[in-house]
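These are my notebook entries on a structure that I wanted to look up piece by piece. I began with a helix, went on to a pocket and ended with the aromatic rings.

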Amino acid sequence: MVLGDVFVLWFVPAAAVVGILFALVQWYIVSGVSVGGEGKGNNGYLHVDEDGVSDAEVVAKCAEIQAAISEGAESFLATEYQYLLIFMGIFSVIIFVFLSSVGGFKWERVPCEYDTAQECPSTIAYAFFTTVAFILGALTSTLSGYLGMKIATYANARTTLEARRGVGRAFIVAFRSGSVMGFLLAANGLLVLFLTILVFKLFFKDDWVGLYEAITGYGLGGSAVALFGRVGGGIYTKAADVGADLVGKIEQNIPEDDPRNPAVIADNVGDNVGDIAGMGADLFGSFAESTCAALVVSSISSFGTDRNFVAMSFPLIISAAGIFVCLLTTLVATDLFVIKGVKQIEPTLKYQLVISTVLMTIAIFLVSWYALPDTFTINVVGHDPKVVKNWHIFLCVGSGLWAGLIIGFVTEYFTSNTYQPVQDVADACRTGAATNIIFGLALGYKSVIIPVFAIAAAIYLSFSLAAMYGIAVAALGMLSTLATGLAIDAYGPISDNAGGIAEMAGMSHEVRETTDALDAAGNTTAAIGKGFAIGSAALVSLALFGAYVSRAGIAVVDVIQPKEFVGLLVGAMLPYWFSAMTMKSVGKAALAMVEEVRRQFRTISGLMEGTAKPDYKRCVQISTDASIREMIPPGALVMLTPIIVGTLFGVETLAGLLAGALVSGVQIAISASNTGGAWDNAKKYIEAGRSEHAKTLGPKGSDAHKAAVIGDTVGDPLKDTSGPSLNILIKLMAVESLVFAPFFAANGGWLFRL
């Protein structure tokens, strides 16, 4: 080990500051595209569309639509965050009371677990700092989602306007905007966590075990907000999307995003509050939890015993190095490579994953070599300490990183309309919606195979080399290129919004073709982002599970024993229960939306002729009310289950529950996300009509296209509500169990005792 404490104290915050500055530079460049008097210029030329609409009229329409989308997104998030503030207040009290009760609400300092000759902070102090960490994590997660939404609504119209100048210009605006979100989120999350550790250190002093166990509240806060953001945003966006598609495309036979459709603004708002704000909070939660899991395990290793600050900060150094790697990777797409045609979009995004993975592998090797001791020990519950070498950790982090790349490539293969699987789904539309749905479900199930093998291989290698610490840093490896992953993920909804604005503003067919191409690639990148989130969630939750088992004092989790097996069965059922709740919530909200859209088409005179405007705000309000109301039951299921099971049935049953939810949830999440993504791109494959095969299935409005629209509508809640939310379920229950483990160990299982 070569690096010293001073290096860590400067390098980690410096990386975060560089990430924030880079994001601001990207935002400044994007702001150069003028929308309604904003920006630095008039886009450099005067343009008249083929239908005679002048540049000034187009810009004015784009500005008006952008303002409506931004207003709707702001309104929803403001309402959602009011409910989240109430939740944060109530749950903060629960955390403080439960953890304080472990020591009988005493202020006296207690003997340290690692050295009984020394005294550590009281349980009330520990409960207080855990609660503070929870609040900080929740606020940072909220900020991450809000910033993402603001950036996306700022960039959507600018991407539309640049699409008139070619696909390359539009791509750069969308990708730069995505990178703003990626770097802001990664840098803010790292900076807040690092500063929190330094402040807590002033109180905990040499009690690293207590400090990092209190820090787990940060991950709990981040994931709790992410759950409500994903579920609420997912219900919002899919209620609007389903309503707009079923009535607009199928019943009225009007194009997607047609301004005559009353649900079109709500649909575009949903892309920002669900796919952007929800996804940002989700991946922030994964980062926070994987880092917290690695820190907790490292504190009970020889790092903690030796007070080795640099080695214990290894997870933070990896994340900091990842920001620099992602910065270099982003420059390749924005400054070194110019997109000249539609076919170059997906390869460019794929190169981002490959380049960042290769560069990050080199960075991981250097950090492992210089930040870790040559040899150290990791404590393993119920076994002798494991002797680990620094190059073992390099392999662990690398396995997670490359498993993430494999998951990304497999997801692309099964969801991109460039490849055979999606084309087969599109071809199945010839005989109607039923065969389309059968083929899509089969595709989703099949797409689970390779990602599960990749995750399993990473887990086996990492655990063999470094026990639970290896799994924790493998999860961190998968998330080490978080800024790049978020950039290509956020690119999708921004492009989707850009296409909607082009249609509503009455732009030419050529511009709409450009935005459709960007959107089709965006669907694939969104699916890749969900694949990363699900894969990392599996590793993160397993690492948190290991930390929970250690903290709860469980020597062995034996599934043959009735307590553990009962928990295993119930845990495996929970993702189905949760999915049923979220799917039905989307269905109920969509019913209300369909009825409202039908009512407006029926009662507003001149709406279909284009001489009257629909009531967009009414549809926005329906989605807002439904999503806020319907997000509470699924959220309560996830948040209350660990507390009820741990309190009533004890730590062993809860361990079985976590294992069951992990194994079941990962499979369902991958298949649901990929099935929905494939159906969406099968529809776009028919609509684009670029190949001879696609032309035989089209055009828009054909029977095959209507069957594809139905498949896409069925897949919407799968890929944007239930699927993405499941990875939060398995992470959140694990980190919540870890935070409350002292209470469960001391007071849990009273039903069995009775």
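This is a predicted model: local features need pLDDT of at least 70, side-chain atom pairs count only at pLDDT 80 or more; totals for chains, interfaces and linings use all residues.

**Entry 1, helix H1.** I looked up helix H1, which runs over residues 5-30, and found that its 26 residues reach 38 Å from the first C-alpha to the last, close to the 38 Å expected at 1.5 Å a residue. I then listed its buried residues, which are Val 8, Phe 11, Val 12, Pro 13, Ala 15, Ala 16, Gly 19, Phe 22, Ala 23, Gln 26 and Val 30. When I asked what these buried residues of H1 pack against, I found H3, helix H4 (167-204), helix H8 (309-312) and helix H9 (314-336).

I read off a volume of about 1,100 Å³ for the largest pocket. I found 42 residues lining this pocket, with Ile 300, Ala 547, Val 549, Ser 550 and Arg 551 nearest its centre. Among the elements that give two or more residues to the lining are strand S1 (110-111), helix H3 (123-163), helix H5 (208-251) and helix H22 (703-747). I noted that H16 supplies the largest share of the lining, seven residues.

Phe 91 and Phe 134 form a tilted pair, with 5.8 Å centre to centre and 45 degrees between the planes. Phe 91 lies in helix H2 (residues 55-101) and Phe 134 in helix H3, so this pair ties together parts that are 43 residues apart in sequence. I found both Phe 91 and Phe 134 to be buried.

The second pair, Phe 365 and Trp 369, is stacked, at 6.2 Å centre to centre and 20 degrees between the planes. These two residues are separated by about one helical turn, because they are four residues apart in helix H10 (residues 345-371). Phe 365 counts as partly exposed at 41% relative accessibility, and Trp 369 is partly exposed with a relative accessible area of 45%.

Note on methods:
Residues are numbered from 1 along each chain as its sequence is written. Side-chain values use heavy atoms; hydrogens and water are left out. On a 1 Å grid over the protein atoms alone, a cavity is a set of points where a 1.4 Å probe fits but cannot get out, and a pocket is an open set with protein on both sides within 12 Å along at least five of seven lines; lining residues have an atom within 4 Å of a point. Grid points are joined across faces, edges and corners, and a volume is the space filled by probe spheres set on the points. The expected span of a helix is 1.5 Å times one less than its number of residues. Buried means under 20% relative accessible area, exposed over 50%, partly exposed in between (1.4 Å probe, protein chains only). Contact means heavy atoms within 4.5 Å. Rings of Phe, Tyr and Trp (its six-membered ring) pair if their centres lie within 6.5 Å; planes under 30 degrees apart count as stacked, over 60 as edge-to-face and the rest as tilted.
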